[in-house]
Amino acid sequence: MYKIVEKAGAKINLHLEVLGKREDGYHNILSLMAGLDLHDLLILEYYEITGDDYPPEIRIENGGGAFSCVLDDIDVNDNLVTHAVRNYLKNAGLGGKFHFVIEKNIPHGAGLAGGSSDAAAALRAIDAVVKPASNNILNQSAIETGSDIPFCLNGGLAFVEMKGENVTPLGQSVEGFILLVNNGLVINTGYAYGLLKRDAADCDMDINRLKREKLLSVLTGEQEFWKDSFKNDFENPIFSEYPHLEVLKKDLYKYGAFFAAMSGSGSTVFGI
């Protein structure tokens, strides 16, 4: 038996539109996500694959890191890693014992997909062990577990649509230094969506295609135009609730960023 080590990368949203509420309670989005070098480290320390007659046993050990306290505050049954592993095993018709060690360097509730990236890393690790005949189990398990997880499976730079399950990689990257500012404020994603008060609406794929083309043109053009074209729909309501976050964004421009924004539903503000 060998250990499997996976990097679980953080992400930022260069652009994030919340288009409307779906019948299933989720929201359709159009986002341009970028993976970062900042990452947690997930190690599959021990595993034992069994048949589905045996319910999965999952252990998550705190492996340190800048935000290791996050792991102590989350019950193993509430951890996204646990949900991801259970979904994968259900879809594969398997059971087993799994011992993970996580070095936690991404803050919790910060809009950086820390929990989602850990879950994606666990799915990749388990997929490497099971080696299924089809990728559908991996992708379906990611979709079932969380909206950011399909993107986090591969990271990079990509358009993310629907509730997060449609990921279109762009095959390029954003080069530059990124400063992340996070003061420990945790913003509940469900609460943030509630502030938007979006009505139910169908997702118009033709309009989305035109928006993607425009955003791609901005992305590959002069960077000075990013701040006039990219946006985050969560900023106005979250900045109203937490004005110091808006001050942070303005300060990042003041001190030389060519682009600054809040990531996801907050609370991290970043400058490039």
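**Cysteines, a buried serine and a helix pair**

Reply: Cys 152 is buried, with a relative accessible area of 9%. Bear in mind that this is a predicted model. Cys 69 is partly exposed instead, at a relative accessible area of 47%. The structure holds zero disulfides.

Ser 117 sits in helix α3, which spans residues 114-130. Its relative accessible area is 1%, so Ser 117 counts as buried, the cut-off being under 20%. Val 81 is 36 residues from Ser 117 along the chain, and the C-alpha atoms of the two are 9.1 Å apart.

Now the helix pair. Two packed helices are described by the angle between their axes and the distance between those axes. Helix α2 covers residues 80-92 and helix α4 covers residues 136-145. They pack at an angle of about 135°, with axes 9 Å apart. That angle makes α2 oblique to α4. The crossing of α2 and α4 is right-handed.

Which residues meet in this contact of α2 with α4? From α2 come Leu 80, His 83, Ala 84, Asn 87, Tyr 88, Lys 90, Asn 91 and Ala 92. From α4 come Ile 137, Leu 138, Gln 140, Ser 141, Glu 144 and Thr 145. The contact residues divide into six nonpolar, six polar and two charged.

Next, the backbone. Ala 113 lies in the loop between β4 (94-103) and α3. Its phi is positive, about 65°, although Ala 113 is not a glycine. Ala 113 is buried, with a relative accessible area of 8%.

Met 162 also has a positive phi without being a glycine, with a value near 60°. Met 162 lies in strand β5, residues 157-162.

The bond from Gly 266 to Ser 267 is cis, with omega near 15°. Ser 267 is found in the loop between β8 (260-262) and β9 (269-271).

To recap the buried positions: Ser 117 has a relative accessible area of 1%, Ala 113 has 8% and Cys 152 has 9%.

Terms used:
Residues numbered from 1 in each chain as written. Predicted model: local features only at pLDDT ≥ 70, side-chain atom pairs only at ≥ 80, totals over all residues. Heavy atoms only, no water. Axes fitted to C-alpha atoms, helices over the stretch in contact; angles between N-to-C directions. Helix = DSSP H or I, 4+ residues; strand = E, 2+ residues; numbered from the N terminus. Parallel < 35°, antiparallel > 145°, perpendicular 65-115°, else oblique. Left-handed = near helix turned anticlockwise from the far one by under 90°. Contact = heavy atoms within 4.5 Å. Nonpolar A, V, L, I, M, F, W, Y, C, P; charged D, E, K, R; others polar. Buried < 20%, exposed > 50% of the residue type's maximum accessible area, 1.4 Å probe, protein only. Disulfide = S-S within 2.5 Å.
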